[in-house]
Every structure is written in C-alpha cells, then in structure tokens.
Amino acid sequence: MSQTSVGLKTTVQKLLDKTIVSGTLFSLDKLLNALGAINAEFKQELAKMNITVQLKLRDNTYGRWFRFKDGTVEGHDGINKDASVEMIFEDEDIARRVTALIRDQAAFANAAKQGALVLNGPDAEAMWFSSLLLKVFAFDVLYLKNYGTKMANGEMRYVQGTNGGPLFVYVKDGKIVRITPMDFDEEDADPWTIKAHGKKFTPPKRVTTNACAQNFKSMIYSPNRILYPMKRVDFDPKNGNRNTQNRGISGYERISWDEALDFVADEIKRVRQTYGCGAVFGKAGGHHMWGNIGNSQSSSKRFFNCIGATMTELNPDSWEGWAWGAVHTYGQTARNGSPEPYNTVEDCMQNADMIVYWSSDPETTAGVYAGQEGTIRREWLKDLDIKVVHIDPYMNSTATFVAGRWICPRPNTDVALAVAIANVWMHEGLYDKDYVKKRTYAFDKWEEYVTGKTDGIDKTPEWQEDITGVPARTVRNLARYWGTHKVYLAAGGIGGFGSACRGAFGTEWARVMVCLVAMQGYGKPGINFGGLQYGTPLDTRFYFPGYADGGFSGDYMTTGAGVNMYNRSPQSPSLNSETQSISRLLLPEALMEGHAEWNARSSYTVQAQFNKKKYPANGHAGVKMYYNYGGSNIGTQPESKRYAKMFRCDTLETIVNQSIWFEGEAKFADIILPACTNFERWDIGEAASCGGYIDRSFLQNNYRVIFVQHKCIEPLGESKSDFDIFQEIANRLGLWQVFSEGNSQYDWVKRQYEASDMVKIMPWSKFIKKGYYVVPPLPENRRDPVAMNWYAEGRKKDTPEITPIPAEYYGQYGMGMQTPSGLIEFESQPLKRFDPDDEERRPICTYIHSWEGVGSVPYTKYKLQLISPHAKFSMHTMGDLKDSFVNDIDEHRMLIDGHRFWIFRMNPKDAEARGLKDRDIVEVYNDRGRVLCGLHVTERVPEGTVHSCESCADYKTLENDPGGENTVEIMGCINNLTPKRFIAKNCHGMAANSCLVEVKKWEGGKVE
Amino acid sequence: MKKFHMIIDLEKCAGCFNCFLACKDEHVGNEWLPYTKEQQKHDLKWIDVKVHERGVAPYTEITYVTQTCQHCDNAPCEKKYPEVFQKRSDGIMLIDINKANDPKYADACPYGCVSWNETAQNVQKCTGCAHLIDGGWKEPRCVQACATRAMQTVFCEDAEWDRLVERQGLKPITDGSNKPRILYKNLYMYNKCFVKGVVSTYVDGLEEGVIDAKVELKIGNETIYECRTDYLGEFYIDRIPKNTGKMAVVITAEGAEPLTRDFEIQDKSIVLDPILIGEGEAKANVILPNEHALQQALDHMTSYDAEDARKAFAKEKK
C-alpha cells in the first residue's frame, strides 16, 4: 500500500470516528432520558446529581455537554466552560473506541495510562458520571434484571458458585427459596467415557455438590449475619480511650456506613502518616466467598496494594511438607510441591492394580472445592477390580466409603512405615532398577540409610512395628504386593496435600511419598500419584481464569495474572510498595514481642526458601492497624489462644474486621464492616478452578462448568459487597479510579468473561441468561498425555503446563525435573549445599521421631496423640456454627444439654480407661489449653490416637477472658491445643497434627 | 397408575448428608401449603442418616443408613390416626395440616418418622416433596442432591416395582409388615455380621501374611462358605445373620495342618486374633507403646529433642 492511500485511509477513518463519536454523544442525552422514562430505579440514579458534564476532544474541535437536572438530561454541542466534570479524549480514534457500546478495554487502559483519556472534576461527580455511562451499557441486566431463567411457577432460577460446587438458586419475591445441585439439560455437552477392564465408565450428566454448598441458604439467612456497621461500645479513640484490653469482651453499637468508612479511611491515613510504611496490616482469609472478582486474590489484593499495607505471609498450609520437602526431591514449586495430575484418572482406571490412599481423604476435603465429583469415580472402583488401601491414623471418610484395608499408624510415624516398605523392596529386589538407575539421582545414599549401612539400623517391617504400631506382617505383605504390581499412590486428598504433611517433619513424609513412587517407575503406565480425584480427561486448552489468576487485582507478580491474564485482561497494574510481611503462624509473637523470623518461599524457585524473612522489615514501622477481611480464621491456627491474646494487646491501636458473620476474629474488632455473601452480589467463576498455584484444578471435575454468579437477592440489612466496601474506602482516599478503574463489580465480572475463551462460545447476553456453560471434553484421541509419562520415557515435557520456569532447568530446557541433576534426587543437592547437618531436614529423606509423639517430653504427661484434620461438613470455618443446618449433623457437632459441642473421637479402650462414655462432655487439655468437646467413642481410631477436626468457626471462653491463662474454650477450637512449632526449623509450616493431650470428664457444670 | 417408590443403596452412600441438608433447604423458611407447614430449623429431622459401626480397629466398617418416612402401604400411622394421615393414590403419605395440631399424633410412627413441631403447632414428617412432584419435579430434594445415586426415586406401576424388588433384591429395613415404599439395597452392612482374620507364619524369623490359604466357614461340620486369604493373608466373610451362634473357620495353608478357630456370632461382627501357622509368636494388631518402643522413639529424635526427652523421663522416674 502506498503512502498516499495510507494517508487517505487515515483521513477517512478520522471522519468516520468523529461521526460515530458525535453520533453516540448526540444520542446520549436522549438515551439517558429514555432509560429514565422506562425505569424508575434508573431515573432515581439520574436524579442523584445536578451537574454539568463536558465531553470533548483535547483540541476542542469537537465537544458536547450535558446538563443533569432533577433526573433529566439536556445535551448541547460545543464547549461549556462551567462544566464541573470534563471527559477529554486525545483524538477521535480513542473517543470512538472508548464510547463504543462494546468498549475496547486495551484501548481504554492504554489511553488512561498515556493520558489520552482524562476525567477531570470533583471525585464524587466524576465517579458518578463515569459509572452512569457504564450503567447504560449494563442497563438490561442491572435495571431490567434480564438475567436468569424464569420457571413455570414464577420462580427465577439463578446460578451461583461456592467452595462446595456450583448451584442453581431459586428465588421468589426477593427471597431465596432453594439451592440445588445443577442438573444439565440437552443443550449441555455430553460427558467423556473411559474404557477400562472391558467396561465403559461415564459420569452422570450433572454436577455434584457437598455440604459446603448445600448448607448455604441457612448461612445466608443466618441470625449471626452482621447487618449493620458496628463499633465496639468502649472504643473511643477521639477521647483517647481505645480500651484494647476489652476486645472480645465488650459489646457493639450500630453506627452509620459513613461514620464507619470515614473512620477507617482517616485511620489508614493517620496510622501511615504517624508511623510510616508498614503500619497498616491487611489480612485475608483463604476460603472466603467463591468468585474470581470478589476473591481475596482479586479485590482485597488490589485494595491493599493501593493503600500500601503489610501483608500476611501465608504458610503453605495445604501443602506444607510438599512445599518444604518434596520440592527438594523433584521440584514442582509451581504447584507447591504437588505432582502433575494430567490424565491420571484414565491411566489409573486402565492400568493400576491398586490405589494406596495415604493420608488422603477426598471424601472429606473434596480434593479442594470439587463437591463430590471424585466420589462418583471412586464409586466405580468396585467394578474395576482395583485393590484399595487406606493409610491414616483415623478411619477417614474415604476409607468408610471406598472399601479397602485400613492401616492406622500412630500419628507422625508414616515415614517409618514407608521406609520399611522401601526396605522390603531393597532386600527383595522389588523395585524398578532400570528406572532408578536412569531417572533418579543418588539412590545408593538413601539405600544405605534404609538398609542400615549408615546407622546400623536395618529399617525392616519389624523396626517400624514398635514405632507405628502396624504389624510387620501387614507391611511386609503390602510391600510385596506393591513391589510386584502397578500402584497409584494417592498422597493427600488431591495429590500433594494430606494431614501427614502438617505434622512434625511433614517434609519427610512428602519426600518419602515421592521416593516410593520413583522406586516403582513414576510415570510409567499405572504407576503415578492420584486416587481418581484429580486428572479427568477434560479440555485443558479452553481458557477460563481461576480465582488465583488474580481477577482484577492487576497484580502481575503475586497472582497467576502475570502468566495467564496479562494479554487477556488489560488492566492497570497494581503493586504493594510495602515489602514487609508477617508470618501468619507468628503473628502473635510478631505483634506482641515485636519481632519474628521465618523462611521465605516462592512458587518460582526451590532456592527461595533458604532465605530468612523478618519482622519488622528494614525501615518499616511495626503494625498499628489490623484490617481483617474474609472469614473467621482463628480456629485454623495452632495454639489459637495466642491470637486472642494478641487482639487484646495495645500495640494494635485499631482493628477493623470486614466480615459476613459475627464470629471468631470479628468479635475482637473495634469497627465491623458488614459484608454480604456472593449470593447478594455479582461474580463469575468456574467449578473448583483455582488457577495459579493449583493450575487446572478443574481436572477434579467430571465437567468443566463455567458460570456467571448472578446477584440473586439484595444484600441483607445494610451489608455490602466486599468490593463495594473497598471501593468506598478507596473513594475516601482519592483512589476510586485507581482501585477499580471506575468499574463496578458487575463490569469486572463481564471483563473476566471477555478475557476468557467464553467470548468465542456465546455472547454475554446468552451467558447471563442461562448462567453457565459446560465445556465439551476433548475427543479420546486428543486427550492430554499422562502425567510424568514424558519423564519416564526420557522425552521433553509434554504435559500442558509451562512450569518450571526456564531458569529452573539446569540442563536442557524442558528436559527432566526441577533439580540440579534433572533427575528425582534421593539425595537433594540443594539441601546438601544449604545445610548438610540440618537434623530436621537432611539431604536424604529420613524418619525423624516427633518432638510431640510417643516418648517425647510432653508424653510424660499426655498419652493421647491428637490429629485434627479438616472437617467434612464445613470448609474450614465456612459453614460451621452460624446457626446453620450442618450443626444438626451428628458427625459435625453433638447437642448435649442445650450446647452444640465439637466432636472428639476416641477408641472404646481409651474411653474405658478414663471412665468415659459416648456423648460425655469432656475436657481435652494439655499445657497449651483446655477445650470442651462432646465425646464420640468409636473404632474409627485405634488405641492411643484421638481425632477432632480443626476449624471451629468461633472461639469463646467459659470465663469470658479470651486468650486468658488456664481458660476453658467451649466452642471446640481444638487448635488451642496444637503446637506453634514449625514442621521443621527452616520450614515455615504448621505441625498441628503433632499434639499430645489428655481427656477427662467435664465436671464444671452446664455450658452455655 | 405410576406410584412413588424409593431405593436406598447402603453400599453407595458416602455419608455426605446432602439428603438431610437438601430437606432442610426445601422446608425450612418455606411453607408448602396445603402439603405442610415449615419444618423446624433444628433438632427435628424428616430425614436422617444414622451411622452404623461394625468391627474393631483396624478392621472397622462404617455404614451410613438413611432413614425417612417409608410411605408404607400398611401404615401404622394411618391405622392409628386415619383422620390425620392420608395416603395419596400415588403412594405418598401426607398429613392433613388442619387436623394435625395435637402433639399426641407424634407417636403415630413406630419407626420415629413423625414428630411434633412446637412452632408450627403441627405434627410433621417427610412429604416426599409432593409439592415439587405435583409441580413437575421428577424426584424429591433428598434424591436430587444425592451425588452417587445411593437414593433413587422410582415412579412405576405396582407390578413393575415387584419385578424390580425381585431382580435387585430390595429389602425393607423393618420386618416388612408395614409394606414400605422405601426399600434398601445391601442392607447386610446394617443388619448382618462379618468375621475377619489374618493368617500368618514365620519365614526365616520374619512374620508374613499367608496368601491364598483356604478358609472354610463352618457351622458344626457343615461348610457354609469358602474363600481364600488375600494378598495380606487376611480373610473377610460378611453377611452372617445375627445370632447365628457358634461357628468356626478352618484354615488350610499349603503344607500345613488345618487350623480351626471357633467363635460365636451374636449381634456383633468378629475380628479373630491373628492365626499363626507354624512356629513363632504372632503379634496383636495394634501394639501400645512399650519400653522398647519408647527407646526406639528416643533413638530417632533429633539430638536436642532426644536430650530434652531423656531429662524429662529421668525427672518423671524420680
């Protein structure tokens, strides 16, 4: 094309742009008036401001201004010098793109960044006008409520998402009538079929949920909902009376939103200006409401990035031993040490002879978020002739459901059992010698340890019997079967979790799991990680973001946005300039003692975890203001009492809690901001899809279900969406555009859709009506390769993930593991370099006896080993208490004499020895605390082991002295008893499953 | 006419309690007149899941037994209070809410499926979600929420149902005299007993399970069942009727004399002590910490934890 024609085209284009712009703007006032005429709610919105707004090109060659008065709009061509709000476009092209009905997000973000699109005027007025324009685009949905499916009986059927799976929500007269699992219709994609053992297996055409979802209506309408902003009655900072010691004790009074928000915004400024960077602390719960926009990786991340805050450094609590241990054996830092999942369901069904579920209870944990999707597949096991073994100190829900042999080692002794299995394999030659030679490193070093050449102890089944309590014959026979058959190892609920990794030296358990699978030929057909929970044959190539892909955080460094969204969802970046963080496990020590130290960690590299972090960080202030968002968390933290004590200390001048329910930490706040559930606002998501650190976690599902999360009802009381609360505070700090680009939560929901492959499938108008889309599975001949098969066969990595990052390969890119040798390292070279003498994490995997197990110091006083894995009927604290339905489930809580006690499980022999019987109120105690529970006497635990779930949603002492010495906790906050010691000294991880207790009958009278 | 029936399969129930929660979801906060008033939020359950435990650790078995109104055709409630309990032609048993305002009616069901709701001033029970069924739903909420289809609704003619009962071996959870419309599959997990055991031997001083030994279950001299030990040397015989009384297993391992173990089945399942073939001493299944184990523990601690522990134990001994 010649230069002339390019010039001509540009001129023509300019004219065209101008015509479109002037046409759009010419009709704007008419459009606004027309919309006001047909919808009273919109008319009210129009009447909110009486102002004049100017829209124009920078050079004033074109302009149109609008006068808003009492709900009607006049439009005039030209320039009005008295306009209070000005929207200035650099040129016609930008004006056209931004004003076009379907906005060009990339053009918008670029124009805003480059100053080619400017909005001048007082914040409140500019913000109102800007959002009014967006409301025009969303008029159909926001005002005409043109979304959802109308049912024959007049009910509306909407779609929502939860931690326990997506749901249909039936609404009538502004009230939720019912929530149900989704049955698919004829239009929805058909499922996949797996052919195995001469049979065909196809999941039913529906999506499953679990209690975490089905309980939700009672949580939404819970009497414990916080419906108004509140202030602690004796919190009076104006007069210098903060009465921090009364937190958790004194009551609350209702205040207005303006009072609450003005205070919080002013306090953020005061604290940061007075003390300096780092003085505001932001904390977000991990399993709050479902949805990519409302998630903590999105809205709260962007908010805290905008205001500058010290953030919590989360220990990798689901992964612990994997993140701190297994990464040194085979890398996988991008998954926090978990194994690849791809297409393992099909491979397992076709090729495996046995599945060993080791500290693996997907029936309780749903893997993560996956309802009962895996349950359907595990139900097939009895038709597949695959043997099953469950190894867990507690007969967990997967063991009760999937028939097999339950082996119950004493807590924290699993490594001894595993080492003895390897010992049998070594002595009897029952392992894949060729694989070990070609695909592993320094096997001989581990063999010397296992067979006792280094320490004189041959670690036989007999050796482990005294340690684990499991008869030698059982281990010997299991090892022989395993060593001569194809076995899948389900280590943890999803592969890479498991309560065994959250105990003393949980690193060694995760490492030994990898060692066992490696010895048998990890990645060969039928030999892999998995328990039919993760790795279904779904379409991994269709892109829809998971919540950890960052939503609208604009945070390209600490969410998956940097990898997955940078080219799909143009948005202004956000970054927290304050680099200080505090280990969540050491929060009380950091805030009360003023300092803390722990190891860093990174999903990108193995080596990052060899560095220390400290609080306070250099040049940073100590924390003075604590801003908590999301669910109750205290019941999930070891030695919980410390946190109650911390909240009452005067170091913390202000505590703000943005919460849905009045429970847990919310009761320690000075100011409470009432948030609503996701059923009362917009969001968007995919079933069980995390993205980021659990990439493609939707492979736990039988279907990929992508859904809009409809706003089903108005927020209860005066509660607001978390997004809107953050926005209001941001507005008060002059951050309104910076926080949200002026977009509402609904706008961002639509932008997630636009950033995904959904745009290729159906228009927004259809998506928002039906509410969901089922991604068809790939045809059988296009399914993903099986995880690690590439490695077993010495090929370049061909599974669909782009990690490890290039620099983590020491040799040829894409070849081998994320280790210096590129092989699975029985002796870890990085650990050897870091500290070869670290007794708590040696270069080779070893059995290290717990500091809080049989024979340890506390064992002189407390003889029962307590494990406290996840609860089945609540997702951590989400679902528990709140007067919700699950509290009536006898496996969740026990109603005794008017109080719903947390359940504590004990073997009949142990109960008899203590004179206890079923349904007794018992006091569970050790040096760290006292907790009241309801006793369930059961053969689901062997003698010497006791079980009670973590994650009580509340914390309440009998003496009304939260955090006080020798107080009795009555709601069942079992973590009061668990140790704060890290799983190993250089590993920032919790060891809640290493806990000794004693139990006695409660004689202290009625509990209320 | 097609009538309402339900099948509950104990083998398929994962104990998720979705049925219970879905029932609450449908009936708490909603009033489905004229079928029923609102269900009480807590404590009263129209459908419940009971946990049934068999065996001892580590040979424990847990079964979830879902129970609700059985919509009996020969219903004790209807017999006792015909003015209150009325059966529809499709088999669903309903309560007349206008007449059900006396707590005395709560004793109508010998299976405990009727209860008095103080708030609603009504006796209540499962309605089979008749309000939904009449509105075109294919199944009640409990069944719709069941992931594994451990619960299934069957609308069919009587004759077809009879064939289904025969073919699938469906059984009532009662003695059957009430002619329930809810029948169970794999009820043995609830009302029968098992016997489990392990056969072991010593080879070169090391204990191992004996694989593929013949196991005969006997009453007197009659062999009523035969199986073989599995890869762990264990055997598992289920579906033994309660109160069968004295029984025995006879173990025949290759190259060894048959060994007999007597036991008695009353109302509990039995886990036999380990059965040892040849010389040696079999150990129990769960071993409590002994002196040796305590020493082992110290040997495997970090040096500093072990030092602390030794001091603590020395102090305790003093």
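## Chain B: burial and shape

Buried residues account for 44% of the 318 residues in chain B. The model is predicted. Chain B carries eight helices and 18 strands. Its radius of gyration is 27 Å, well over the 20 Å that the globule rule gives for 318 residues, so chain B is more spread out than a compact globule.

Along the principal axes, the C-alpha atoms of chain B fill a box of roughly 75 × 60 × 35 Å. Take the contacts in chain B with a separation of 6 or more: 60% of them link residues 24 or more positions apart.

Chain A has 32 helices and 41 strands. For 1008 residues, a compact globule would have a radius of gyration near 30 Å. Chain A has 29 Å, which agrees. The box filled by its C-alpha atoms is roughly 95 × 75 × 60 Å, again along the principal axes.

Of the 1008 residues in chain A, 62% are buried. Residues 24 or more positions apart supply 74% of the chain A contacts that have a separation of 6 or more.

## The interface between the chains

On the chain B side, 60 residues are in contact with 66 residues of chain A.

By class, the side of chain B that touches chain A has 28 nonpolar residues. A further 19 are polar and 13 are charged.

## Domains of chain A

Chain A is divided into three domains. Domain 1 covers 14-142. Domain 2 is built from two segments, 321-537 and 783-834. Domain 3 covers 857-1001.

The centres of domain 2 and domain 3 of chain A, taken over C-alpha atoms, are 30 Å apart. Contact between them involves 21 residues of domain 2 and 20 residues of domain 3. On the domain 2 side, the elements giving two or more residues are helix H11 (321-330), H13 and H21 of chain A. That side has eight nonpolar, ten polar and three charged residues.

## Positive phi in chain A

A:Tyr369 has phi near 70°, a positive value in a residue other than glycine. A:Tyr369 lies in helix H13 (residues 362-369) of chain A. H13 is also one of the elements on the domain 2 side that touches domain 3 of chain A. A:Tyr369 counts as buried because it has 30 C-beta neighbours inside 10 Å, where 20 or more are needed.

A:Phe505 is not a glycine either, yet its phi is positive, at about 55°. A:Phe505 sits in the loop between strand E20 (487-491) and helix H21 (506-519) of chain A. A:Phe505 has 30 other C-beta atoms within 10 Å, so this residue is buried.

## Cis peptide bonds in chain A

The peptide bond from A:Tyr615 to A:Pro616 is cis, with omega near -5°. A:Pro616 belongs to the loop between strands E24 (612-615) and E25 (625-629) of chain A.

A cis peptide bond also joins A:Thr803 and A:Pro804, with omega about 0°. A:Pro804 is placed in the loop between helix H30 (789-792) and strand E31 (824-825) of chain A.

Key. Residues are numbered from 1 along each chain as its sequence is written. Chains are lettered from A and ligands numbered from 1 in the order in which they are written. This is a predicted model: local features need pLDDT of at least 70, side-chain atom pairs count only at pLDDT 80 or more; totals for chains, interfaces and linings use all residues. Helices (H or I, at least four residues) and strands (E, at least two) are DSSP runs, numbered from the N terminus. The radius of gyration is taken over C-alpha atoms; the globule rule is 2.2 Å times the number of residues to the power 0.38. A residue is buried if 20 or more other C-beta atoms lie within 10 Å of its own, exposed if 12 or fewer, and partly exposed in between; C-beta atoms are placed from the backbone. Two residues are in contact if their C-beta atoms, placed from the backbone, lie within 7 Å. Ala, Val, Leu, Ile, Met, Phe, Trp, Tyr, Cys and Pro count as nonpolar, Asp, Glu, Lys and Arg as charged, and the others, Gly among them, as polar. Domain bounds come from an automatic or database domain assignment.
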